[in-house]
Amino acid sequence: MSAFLDFRNPTFRSFAFYCMILVLKMFTVSIITGQLRLRTKSFLNPEDADRHGGPEFVRSHPDVDRAVRTHRNDLENILPFIVIGFFYVLSSPSQTVAAWHFRLFTAARLMHTVAYLAALKAPTRSLSYTAGLVVSISMAVQVILTSCVASR
(Lines give C-alpha, C1' and ligand atoms only; values in the text may rest on other atoms or scores of the structure.)
Protein backbone atom coordinates (compact mmCIF):
# COMPACT_ATOMS: atom_id res chain seq x y z
CA MET A 1 0.00 0.00 0.00
CA SER A 2 1.25 3.47 -0.83
CA ALA A 3 2.60 5.46 2.09
CA PHE A 4 0.03 8.15 1.24
CA LEU A 5 -2.90 5.73 1.46
CA ASP A 6 -2.09 4.39 4.87
CA PHE A 7 -3.79 5.15 8.17
CA ARG A 8 -0.37 6.01 9.57
CA ASN A 9 -0.48 9.03 7.24
CA PRO A 10 -2.33 11.70 9.27
CA THR A 11 -3.60 13.44 6.12
CA PHE A 12 -5.13 10.23 4.76
CA ARG A 13 -6.54 9.39 8.20
CA SER A 14 -8.17 12.82 8.40
CA PHE A 15 -9.55 12.48 4.86
CA ALA A 16 -10.98 9.03 5.62
CA PHE A 17 -12.59 10.30 8.82
CA TYR A 18 -14.37 13.22 7.15
CA CYS A 19 -15.40 11.06 4.18
CA MET A 20 -17.09 8.65 6.57
CA ILE A 21 -18.87 11.53 8.35
CA LEU A 22 -20.18 12.68 4.96
CA VAL A 23 -21.26 9.18 3.92
CA LEU A 24 -23.09 8.71 7.22
CA LYS A 25 -24.75 12.10 6.67
CA MET A 26 -25.94 10.92 3.26
CA PHE A 27 -27.33 7.73 4.80
CA THR A 28 -29.15 9.89 7.35
CA VAL A 29 -30.76 11.97 4.60
CA SER A 30 -31.87 8.73 2.90
CA ILE A 31 -33.46 7.54 6.14
CA ILE A 32 -35.16 10.92 6.61
CA THR A 33 -36.52 10.68 3.06
CA GLY A 34 -37.95 7.25 3.74
CA GLN A 35 -39.53 8.38 6.98
CA LEU A 36 -41.06 11.39 5.25
CA ARG A 37 -42.49 9.11 2.55
CA LEU A 38 -44.12 6.95 5.23
CA ARG A 39 -45.39 9.91 7.26
CA THR A 40 -46.88 11.71 4.24
CA LYS A 41 -47.89 8.54 2.39
CA SER A 42 -46.05 9.72 -0.72
CA PHE A 43 -44.54 6.91 -2.75
CA LEU A 44 -42.90 6.71 -6.16
CA ASN A 45 -43.60 3.03 -6.73
CA PRO A 46 -47.07 1.46 -6.91
CA GLU A 47 -45.96 -1.58 -4.90
CA ASP A 48 -44.86 0.68 -2.03
CA ALA A 49 -48.13 2.61 -2.18
CA ASP A 50 -50.13 -0.65 -2.21
CA ARG A 51 -48.29 -1.81 0.89
CA HIS A 52 -49.01 1.45 2.70
CA GLY A 53 -52.57 2.30 1.73
CA GLY A 54 -53.33 2.01 -1.97
CA PRO A 55 -52.61 3.34 -5.45
CA GLU A 56 -53.80 6.84 -4.56
CA PHE A 57 -50.58 7.23 -2.57
CA VAL A 58 -48.38 7.18 -5.68
CA ARG A 59 -47.79 10.91 -5.45
CA SER A 60 -45.31 13.55 -4.48
CA HIS A 61 -45.14 15.71 -1.38
CA PRO A 62 -43.16 18.96 -0.96
CA ASP A 63 -41.30 17.70 2.14
CA VAL A 64 -40.29 14.47 0.43
CA ASP A 65 -39.26 16.38 -2.69
CA ARG A 66 -37.08 18.66 -0.54
CA ALA A 67 -35.35 15.67 1.07
CA VAL A 68 -34.78 14.08 -2.35
CA ARG A 69 -33.24 17.33 -3.63
CA THR A 70 -31.01 17.44 -0.55
CA HIS A 71 -29.78 13.92 -1.28
CA ARG A 72 -29.27 14.69 -4.97
CA ASN A 73 -27.24 17.77 -4.08
CA ASP A 74 -25.10 15.62 -1.78
CA LEU A 75 -24.42 13.21 -4.63
CA GLU A 76 -23.45 16.09 -6.90
CA ASN A 77 -21.01 17.52 -4.34
CA ILE A 78 -19.81 14.84 -1.95
CA LEU A 79 -18.87 12.26 -4.58
CA PRO A 80 -16.63 14.74 -6.46
CA PHE A 81 -15.13 15.81 -3.12
CA ILE A 82 -14.19 12.20 -2.39
CA VAL A 83 -12.53 11.77 -5.79
CA ILE A 84 -10.77 15.14 -5.64
CA GLY A 85 -9.75 14.54 -2.02
CA PHE A 86 -8.24 11.16 -2.89
CA PHE A 87 -5.93 12.78 -5.44
CA TYR A 88 -5.36 15.72 -3.14
CA VAL A 89 -4.01 13.39 -0.45
CA LEU A 90 -1.66 11.93 -3.07
CA SER A 91 -0.36 15.43 -3.85
CA SER A 92 1.35 15.58 -0.41
CA PRO A 93 -0.45 18.68 0.90
CA SER A 94 0.35 20.31 4.19
CA GLN A 95 -1.30 18.20 6.88
CA THR A 96 -2.79 21.30 8.52
CA VAL A 97 -4.07 22.83 5.29
CA ALA A 98 -5.55 19.50 4.18
CA ALA A 99 -7.31 19.00 7.52
CA TRP A 100 -8.87 22.46 7.20
CA HIS A 101 -10.05 21.68 3.67
CA PHE A 102 -11.71 18.49 4.92
CA ARG A 103 -13.24 20.17 7.98
CA LEU A 104 -14.59 23.15 6.08
CA PHE A 105 -16.14 21.00 3.36
CA THR A 106 -17.78 18.73 5.94
CA ALA A 107 -19.10 21.67 7.96
CA ALA A 108 -20.42 23.31 4.79
CA ARG A 109 -22.24 20.14 3.73
CA LEU A 110 -23.72 19.61 7.20
CA MET A 111 -24.95 23.21 7.20
CA HIS A 112 -26.29 22.81 3.67
CA THR A 113 -28.32 19.79 4.75
CA VAL A 114 -29.76 21.57 7.78
CA ALA A 115 -30.57 24.64 5.68
CA TYR A 116 -32.21 22.54 2.96
CA LEU A 117 -34.27 20.24 5.19
CA ALA A 118 -35.33 23.00 7.58
CA ALA A 119 -36.01 25.46 4.72
CA LEU A 120 -33.83 28.11 6.37
CA LYS A 121 -33.96 31.60 4.93
CA ALA A 122 -31.68 32.51 2.05
CA PRO A 123 -28.75 32.81 1.70
CA THR A 124 -27.82 30.14 4.26
CA ARG A 125 -28.08 27.22 1.86
CA SER A 126 -26.34 28.95 -1.04
CA LEU A 127 -23.51 30.20 1.19
CA SER A 128 -22.89 26.72 2.56
CA TYR A 129 -23.02 25.27 -0.97
CA THR A 130 -20.54 27.89 -2.17
CA ALA A 131 -18.18 27.27 0.75
CA GLY A 132 -18.06 23.56 -0.05
CA LEU A 133 -17.57 24.23 -3.75
CA VAL A 134 -14.69 26.64 -3.07
CA VAL A 135 -12.98 23.98 -0.94
CA SER A 136 -13.34 21.35 -3.69
CA ILE A 137 -12.04 23.76 -6.33
CA SER A 138 -9.11 24.69 -4.10
CA MET A 139 -8.13 21.03 -3.73
CA ALA A 140 -8.63 20.36 -7.46
CA VAL A 141 -6.37 23.27 -8.40
CA GLN A 142 -3.71 22.00 -6.00
CA VAL A 143 -3.88 18.55 -7.61
CA ILE A 144 -3.56 20.07 -11.09
CA LEU A 145 -0.61 22.24 -10.06
CA THR A 146 1.12 19.31 -8.36
CA SER A 147 0.60 17.05 -11.37
CA CYS A 148 2.00 19.72 -13.71
CA VAL A 149 5.11 20.18 -11.55
CA ALA A 150 5.59 16.42 -11.16
CA SER A 151 5.42 15.86 -14.92
CA ARG A 152 8.36 18.18 -15.64
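Biologist: Which helix is the place of Y116?
Modeller: We're looking at a predicted model, where local features need pLDDT of at least 70, side-chain atom pairs count only at pLDDT 80 or more, and totals for chains, interfaces and linings use all residues. Numbering runs from 1 along each chain as its sequence is written, and side-chain values use heavy atoms, leaving out hydrogens and water. Helices are DSSP runs of H or I with at least four residues, strands are E runs with at least two, and both are numbered from the N terminus. On that scheme, Y116 falls in helix α4.

Biologist: Is Y116 buried or exposed?
Modeller: The cut-offs are under 20% relative accessible area for buried, over 50% for exposed and partly exposed in between, using a 1.4 Å probe and protein chains only. Y116 has a relative accessible area of 9%, so it is buried.

Biologist: How do α4 and α5 run relative to each other?
Modeller: Helix α4 covers residues 95-117, helix α5 covers residues 124-150, and they pack at about 155 degrees with their axes 8 Å apart. Axes are lines fitted to C-alpha atoms, for helices over the stretch in contact, and angles between N-to-C directions run from 0 to 180 degrees. Under 35 degrees counts as roughly parallel, over 145 as roughly antiparallel, 65 to 115 as roughly perpendicular and the rest as oblique. That's why α4 and α5 are roughly antiparallel.

Biologist: Which residues of α5 make the contact with α4?
Modeller: From α4 the contact draws on H101, F102, L104, F105, A108, R109, M111, H112, A115 and Y116. From α5 it takes T124, R125, S128, Y129, A131, G132, V135, S136, S138 and M139.

Biologist: How many nonpolar residues are in the contact of α4 with α5?
Modeller: Ala, Val, Leu, Ile, Met, Phe, Trp, Tyr, Cys and Pro count as nonpolar, Asp, Glu, Lys and Arg as charged, and the others, Gly among them, as polar. The contact of α4 with α5 has seven polar and two charged residues, and its nonpolar residues number eleven.

Biologist: What is the handedness of the α1 and α3 crossing?
Modeller: Helix α1 (residues 10-40) and helix α3 (residues 62-90) have axes that come within 10 Å and cross at roughly 165 degrees. That makes the two roughly antiparallel. A crossing is left-handed if the near helix is turned anticlockwise from the far one by less than a right angle, and right-handed if clockwise. For α1 and α3, the crossing is left-handed.

Biologist: How far apart are the C-alpha atoms of F12 and Y88?
Modeller: F12 is in helix α1, and at 15% relative accessibility it counts as buried. F12 touches V89, among others. Y88 is 76 residues from F12 along the chain, yet their C-alpha separation is 9.6 Å.

Biologist: What phi does S92 have?
Modeller: S92 is in the loop between α3 and α4, and at 44% relative accessibility it counts as partly exposed. S92 is not a glycine, but its phi is positive, at about 60 degrees.

How values were computed
Contact = heavy atoms within 4.5 Å. Lists of a residue's contacts leave out its neighbours within four places in sequence.
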